[in-house]
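Dear colleague,

Please find below the structure we discussed handing over. My notes on it follow.

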Amino acid sequence: EALYYAIRAAEILDVDHEKRQQWREMAEHLPELQTGRHGQLQEWNEDFEDDETSHRHFSHLIGFYPRDMLVPERTPALWRAAEISLERRLAAGVSVAGWSGAWAACMFARLGRSADAWNHLSYLVSSNTTDSLLNTSFSGIFNIEGNLGGAAAVIEMLLQSYHSELHFLPALPAAWPEGRALGLRARGGFELDIEWEAGKLSKAAIRSEQGNMCRLRPSTPITVMRDSRKIEIEEIEKGLVEFPTEKGQEYLVVPKAQL
């Protein structure tokens, strides 16, 4: 993880040219992700039997969340393996509280499993949070990761933007049939306001901060407008569309059924 972010940051800032090459060579020697005997994502480079299946750490799933190494469209087998790893830990009776409970909520949201994400988020708030909304661990000590992770889970349920592909309401729970979220930040240089009714997107306003191409993974056919004028969108692969943007401009996305 440190290598990945160091290389990417150095590329963006155009620094550490020699170190960048060293880091790339180091990364090439790291073992590839593999699937184990239970269909799970292997935690080690050998398929050892789990010594403590119920351990509440999910460290080997960091490439799944919060990173974007695994995506269902491009790495379906490893995506499913990560899901199995999470399911095995929880089925073994892992005690999730504080940061581990927030992480579980985030991962279920990443999977699009809204009910499971909502259950873990609800437990986090109802059982591991004080009246002042400070999250606590089993020992009752303030756990900032629980607060930050819980907030991340909420965002993950409403908007995902891995590889700069915007996905609206990917894990919206039944408990939130209607609502709106303002000022959400998305990868790719976008800020969004989202509104939904009856559990479905009603409209989204996308503000382009860098003038990048905007890519969307809509669940239903959409229309994109700018200043009341329709913007042409192009389907670049099944379920993925894009349209060009201009820096500082706002674009309105609505389901075609509304027009």
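Leaving aside its neighbours within four places in sequence, which residues is Gln 160 in contact with? In this predicted model, the partners of Gln 160 are Ala 109, Arg 110, Glu 165, Leu 166, His 167 and Pro 170. Gln 160 belongs to strand E1, residues 159-160. Its relative accessible area is 4%, below the 20% cut-off, and Gln 160 is therefore buried. One of these partners, Arg 110, is joined to Gln 160 by a side-chain polar contact of 3.2 Å.

Helix H4 covers residues 99-110, and H6 covers residues 144-158. The axes of H4 and H6 are 8 Å apart and form an angle of about 10°. Because this angle is under 35 degrees, H4 counts as roughly parallel to H6.

The crossing of H5 past H6 is left-handed. From H5, the residues Ser 114, Ala 117, Trp 118, Leu 121 and Leu 124 meet Gly 146, Gly 150, Ala 153, Val 154 and Met 157 of H6. The contact of H5 with H6 consists of seven nonpolar and three polar residues, with no charged residues.

The loop between E6 and E7

Arg 217 is located in the loop between strand E6 (214-216) and strand E7 (222-226). With a relative accessible area of 11%, Arg 217 is buried. The side chain of Arg 217 makes polar contacts with two glutamates: with the side chain of Glu 165 at 2.9 Å, and with that of Glu 237 at 3.0 Å. Beyond its neighbours within four places in sequence, Arg 217 is in contact with residues including Glu 73, Arg 74, Leu 166, His 167, Lys 238, Gly 239 and Leu 240.

Thr 220 is also in the loop between E6 and E7. Thr 220 has 40% relative accessibility and counts as partly exposed. Thr 220 and Asp 50 are separated by 170 residues in sequence and by 42 Å in space, C-alpha to C-alpha.

Backbone geometry

Most residues other than glycine have a negative phi, and most peptide bonds are trans.

- The peptide bond from Tyr 65 to Pro 66 is cis, with omega near 15°. Pro 66 is in the loop between helix H2 (17-28) and helix H3 (76-91).
- Ser 164, although not a glycine, has a positive phi of about 60°. Ser 164 sits in the loop between E1 and strand E2 (165-168), and counts as partly exposed at 28% relative accessibility.
- Asp 227 is not a glycine either, and has a positive phi of about 50°. Asp 227 is found in the loop between E7 and strand E8 (229-231), and counts as exposed at 56% relative accessibility.

With kind regards

Note on methods
Residues numbered from 1 in each chain as written. Predicted model: local features only at pLDDT ≥ 70, side-chain atom pairs only at ≥ 80, totals over all residues. Heavy atoms only, no water. Axes fitted to C-alpha atoms, helices over the stretch in contact; angles between N-to-C directions. Helix = DSSP H or I, 4+ residues; strand = E, 2+ residues; numbered from the N terminus. Left-handed = near helix turned anticlockwise from the far one by under 90°. Contact = heavy atoms within 4.5 Å. Nonpolar A, V, L, I, M, F, W, Y, C, P; charged D, E, K, R; others polar. Parallel < 35°, antiparallel > 145°, perpendicular 65-115°, else oblique. Buried < 20%, exposed > 50% of the residue type's maximum accessible area, 1.4 Å probe, protein only. Polar contact = N/O pair within 3.5 Å; in protein donor to acceptor, adjacent residues only side chain to side chain.
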